[in-house]
Amino acid sequence: MYSNKTLNVILLSVIAALLFIPFLGRVHLFDWDEINFAECSREMLKLEDYTRIYVNFKPFWEKPPMFFWMQSLSMKVFGITEFAARFPNAICGVVTLVVLFLCGQRIYDKKFGILWALAYGGSLFPNMYFKSGIIDPWFNLFIFLSLYFFILYTWKRNGFDKEGLQKKPVQYAIWAGVFMGLAILTKGQVALMVFLLVLGVYFIYNRFRFYFNWGHAVLFLVVASLITSSWYGYETIKNGPWFITEFLKYQYRLFTTHDAGQEGFWGYHYVVLLIGCFPASLFAIPAFFKTPSTSRFDRDFKKWMLILFWVVTILFTIVQSRIIHYSSMAWFPVTFLAAYSFYKWDRKEMNYKKYAGVFATILGVIISVVLLAVPLIGLNIGKLAPYVKDKFAQANMEADVKWNGLEGIAGIIMVITIIVGVRWLRKKEFYKAAWTYFAGTALVIFFAAAMIVPKVERYSQGAAIDFLIERQGEDCYVTALGYWSYAPFFYTHKEKPANANAYNEDWLLSGDIDKPAYFVTKIDKIDNYKQFTGLKELYRKNGFVFLKREIPSK
């Protein structure tokens, strides 16, 4: 018979799979990141080159290959589809919730494990990213696991009062190195930077007392290096240092320049975490302050999580680019602290702070209003379009999208969640309140992903994607004009160009092309190409203009 622990893991895995896997292929991939990464994986399969990453059949040195290996394997099984591109992160969602349950259970007890898994799976962005095709969910999980095993290492080495640590310190150090190596293989050396900064701050906080053995530290680095060398070393030996050198230059550039125009004010990541990690972010606030602890490990693990939060948010505030998922590693400490608040309130080890419930109610009401407003806007979008000044956005709103009002279900569930959650908070039934807030929010995301997101996507890019899909199998060139998009590569199932001029926009527009060329541009960009008389406008739809150039007659 299965043990209770095994049954709990199986049940949690099934629930997580039901939350994250349905509707993965219901909506097209979004520019840029989702389509970019999916195209890298498609070309990995097309070229049968699993050691170097390409996009548009050119070397793509911005990311290591770990996630693309996962995606390409998924595409091998499910085909070149949206479902296949997002499936690895759905699996990551299942694994993450199980990991948090097991970690929480080991550090505290079963109830805390449930609360932590609930908080992560039932908060907005952490849940939504498991339905995406971007790299960060696996990257964050590997970093967290590396740090978690290192924490266990320090407890075992320093004789902390935690039962169940049956492995030797060296074994925990090895596992920390393994997961750090996987993290670096997933997104790069920033994983080690975050890890070392957290360790450094902990070292300073503990008044410069060494909490690790230098031999074990070296072992950790050796193991991580061996894991990363499976690609970094092999690529360098096989093809020379150029690709790795360009990759490292790109990593440096990310920290010193505004990447892709992603600028923002200094508090950007804190606002993103406050809203994007709802409701966990609001209930985490009381745990940021000094709280009574019941044991040395209780106090120490919370200290690690607080340090991780501040290191991540301050580091990526310093970084010039402002992108939502840069601070997504902070979701682990935020959801831990939310679980910590509910756990301590439920055990009467910490006084309930009413402001947390008040703030959660205010933000929950705002989110409810937005979700309820979306279908109303959709049903009346034709009346609103004239008031939109942006020419392209106004044309987007002409898309033929059928709304029936049922899309408001997500908003209704959010309203019910807030009302019932407040009721449980007033009764000081904190465990039931946690279930209400987090399970309710998870359902909101589930229905919004199924009913709202696909319709919104039809406005933003649907017409362009439809046109590109129609070009599949046609021997032609297809490119975007006046804006950058990865969609022409992935959605046409682009073949590797036989003619190097295919990368030259001027040649495609006015040169001696050897096959028809199609172009996708936007209604506010089309005037920039009037001088190219060989371009024939096929049609316009929802803000996009579709053009064709035939082979010049000789």
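Here are some friendly notes on this predicted model, going from the whole chain to single residues.

1. Overall build. The protein chain holds 24 helices and 6 strands. Along the principal axes, the C-alpha atoms fill a box of roughly 85 × 60 × 50 Å.

2. Packing and surface. Of the 554 residues, 57% are buried. Looking at contacts between residues at least 6 apart in sequence, 77% join residues at least 24 apart. The chain exposes about 24,600 Å², and carbon and sulfur atoms supply 63% of that area.

3. Charges. How far apart are the mean positions of the positive and negative charges? The chain has 59 positive and 40 negative charges, and their mean positions lie 12 Å apart.

4. Two cis peptide bonds. Tryptophan 32 sits in the loop between helix H1 (4-20) and helix H2 (33-47). Another cis bond joins phenylalanine 278 and proline 279, with omega about 0°. Proline 279 belongs to the loop between helix H13 (268-276) and helix H14 (280-284).

5. Positive phi at lysine 428. Most residues other than glycine have a negative phi. Lysine 428 has a positive one, near 60°. You will find lysine 428 in the loop between helix H20 (409-426) and helix H21 (430-451). Is this residue buried or exposed? Lysine 428 has a relative accessible area of 53%, so it counts as exposed, the cut-off being over 50%.

6. Positive phi at asparagine 542. Asparagine 542 also shows a positive phi, near 55°, in a residue other than glycine. Its place is the loop between S5 and S6. With 10% relative accessibility, asparagine 542 is buried, because the limit is under 20%.

7. Lysine 548 in strand S6. This lysine lies in the strand spanning residues 544-549. Lysine 548 has a relative accessible area of 18% and is therefore buried, since buried means under 20%. Which side chain does the side chain of lysine 548 meet in a polar contact? The partner is the side chain of tyrosine 518, at 3.3 Å. Setting aside residues up to four places away in sequence, lysine 548 touches Pro516, Ala517 and Tyr518, as well as Gly534, Leu535, Lys536 and Leu538.

8. Isoleucine 526 in a loop between strands. Isoleucine 526 is part of the loop between strand S4 (517-522) and strand S5 (536-541). Although it is a loop residue, isoleucine 526 counts as buried at 11% relative accessibility. Its C-alpha atom is 7.3 Å from that of valine 545, a residue 19 places away along the chain. Val545 is also among the contacts of isoleucine 526 beyond four places in sequence, together with Thr521, Arg540 and Leu547.

9. Lysine 344 in helix H16. The helix runs over residues 331-346 and includes lysine 344. Where does this lysine stand on accessibility, buried or exposed? Lysine 344 has 0% relative accessibility, so it counts as buried. Beyond its neighbours up to four places away in sequence, lysine 344 touches Pro292, Thr294, Asp298, Glu349 and Met350.

10. Tyrosine 355 in helix H17. Tyrosine 355 falls within the helix of residues 354-379. Its relative accessible area is 30%, which means that tyrosine 355 is partly exposed, lying between the 20% and 50% cut-offs. Apart from neighbours within four places in sequence, tyrosine 355 is in contact with Ile285, Pro286 and Phe289. Cysteine 92 is 263 residues away from tyrosine 355 in sequence, and the two C-alpha atoms are 33 Å apart in space.

Terms used
Residues are numbered from 1 along each chain as its sequence is written. This is a predicted model: local features need pLDDT of at least 70, side-chain atom pairs count only at pLDDT 80 or more; totals for chains, interfaces and linings use all residues. Side-chain values use heavy atoms; hydrogens and water are left out. Helices (H or I, at least four residues) and strands (E, at least two) are DSSP runs, numbered from the N terminus. Buried means under 20% relative accessible area, exposed over 50%, partly exposed in between (1.4 Å probe, protein chains only). A polar contact is a pair of N or O atoms within 3.5 Å; within protein, one must be able to donate a hydrogen and the other to accept it, and residues adjacent in sequence count only if both atoms are side-chain atoms. Contact means heavy atoms within 4.5 Å. Accessible areas come from the Shrake-Rupley method with a 1.4 Å probe; for residues, only the protein chains shown count as cover. Lys and Arg count as positive and Asp and Glu as negative; His and the chain ends are not counted. The place of a charge is taken as NZ of Lys, CZ of Arg, CG of Asp or CD of Glu.
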